[in-house]
Amino acid sequence: MNLRERVQELLDFQKTNPTVEESYERFYNENVVVQENLQPPRVGRALSIERQKRMNANVQELHEFKIGVVLVDGFTDSHPLDGHSVIEMHLEITTVDGYRIRIEELGLQTWKDGRIIQERYFYDPSNIQGNAKEINKVH
């Protein structure tokens with residue numbers, strides 16, 4: 001297996017609607033560093049799981065979720081599961097406090113031994129309102 005196949009495995013796995021814990025345990029390093037735009041990074045899988053669970057609990061309705069362009073680069077024959085990926089995502093939700101939010105973002109992942117060790121999201125934070133805005137500050 002190479003990194004391109006591992007990234008596809010992640011995308012296919014997400015289609016099965018796994019729990020937050022299942023996704024992070026299967027694809028993320030225990031000490032993963034995750035950053036939203038220019039906010040301070042979250043360090044550790046447990047903190048990212050907690051934040052994602054809070055975000056998911058704030059969703060009343062999912063209107064759209066789709067994956068756009070996926071780029072994979074940097075893996076070699078000697079390190080087939082190391083490198084980088086960029087995943088374009090489109091998400092539209094209504095939150096439990098009644099805000100309709102549309103997010104178009106890029107997620108940049110750094111992989112080592114088939115697990116994400118660093119992930120950074122790039123998006124326009126002005127679209128995030130209400131409780132989601134407060135949850136998004138968790139780091």
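The legends below accompany close-up views of a predicted model.

**View 1. The whole chain and its order of elements.**
In this predicted model, the chain has 4 helices and 6 strands, which follow one another along the sequence in the pattern α-α-β-β-α-β-β-β-β-α. The C-alpha trace spans about 50 × 25 × 25 Å along its principal axes. A compact globule with 139 residues would have a radius of gyration near 14 Å, and the 15 Å found for the chain agrees with this. Among contacts between residues at least 6 apart in sequence, 58% join residues that are at least 24 apart.

**View 2. Surface and interior of the chain.**
The accessible surface of the chain comes to about 7,900 Å², and 50% of that surface belongs to carbon and sulfur atoms. Of the 139 residues, 38% count as buried.

**View 3. The buried face of helix α2.**
Helix α2 covers residues 20-27, and its buried residues are V20, S23, Y24 and F27. Seen down the axis of α2, these buried residues fall within an arc of 95 degrees, so they line one face of the helix. The spacing can be read against the geometry of an α-helix, which has 3.6 residues a turn, so that residues three or four places apart point the same way. The cover over the buried residues of α2 includes helices α1 (3-14) and α3 (45-57) together with strands β1 (28-36), β5 and β6 (115-122).

**View 4. A nonpolar surface patch that includes V70.**
L62, F65, I67 and V70 form a nonpolar patch on the surface, and together they have about 330 Å² of accessible area. One of these residues, V70, is found in strand β3, which runs over residues 59-73. Because its relative accessibility is 31%, V70 counts as partly exposed, a class that lies between buried, under 20%, and exposed, over 50%.

With a relative accessibility of 39%, L106 counts as partly exposed. Leaving aside residues up to four places away in sequence, L106 touches V86, I87 and E88, and also R120, Y121 and F122. Between L106 and G74 there are 32 residues of separation in sequence, while their C-alpha atoms lie 18 Å apart in space.

Note on methods. Residues are numbered from 1 along each chain as its sequence is written. This is a predicted model: local features need pLDDT of at least 70, side-chain atom pairs count only at pLDDT 80 or more; totals for chains, interfaces and linings use all residues. Side-chain values use heavy atoms; hydrogens and water are left out. Patches are made of residues with over 30% relative accessible area and no salt bridge: like charges are joined within 9 Å, nonpolar side chains (Val, Leu, Ile, Met, Phe, Trp, Tyr) within 5 Å. Accessible areas come from the Shrake-Rupley method with a 1.4 Å probe; for residues, only the protein chains shown count as cover. A salt bridge is a side-chain nitrogen of Lys or Arg within 4 Å of a carboxyl oxygen of Asp or Glu. Helices (H or I, at least four residues) and strands (E, at least two) are DSSP runs, numbered from the N terminus. Buried means under 20% relative accessible area, exposed over 50%, partly exposed in between (1.4 Å probe, protein chains only). Contact means heavy atoms within 4.5 Å. The radius of gyration is taken over C-alpha atoms; the globule rule is 2.2 Å times the number of residues to the power 0.38. The arc is that of the directions from the helix axis to the C-beta atoms.
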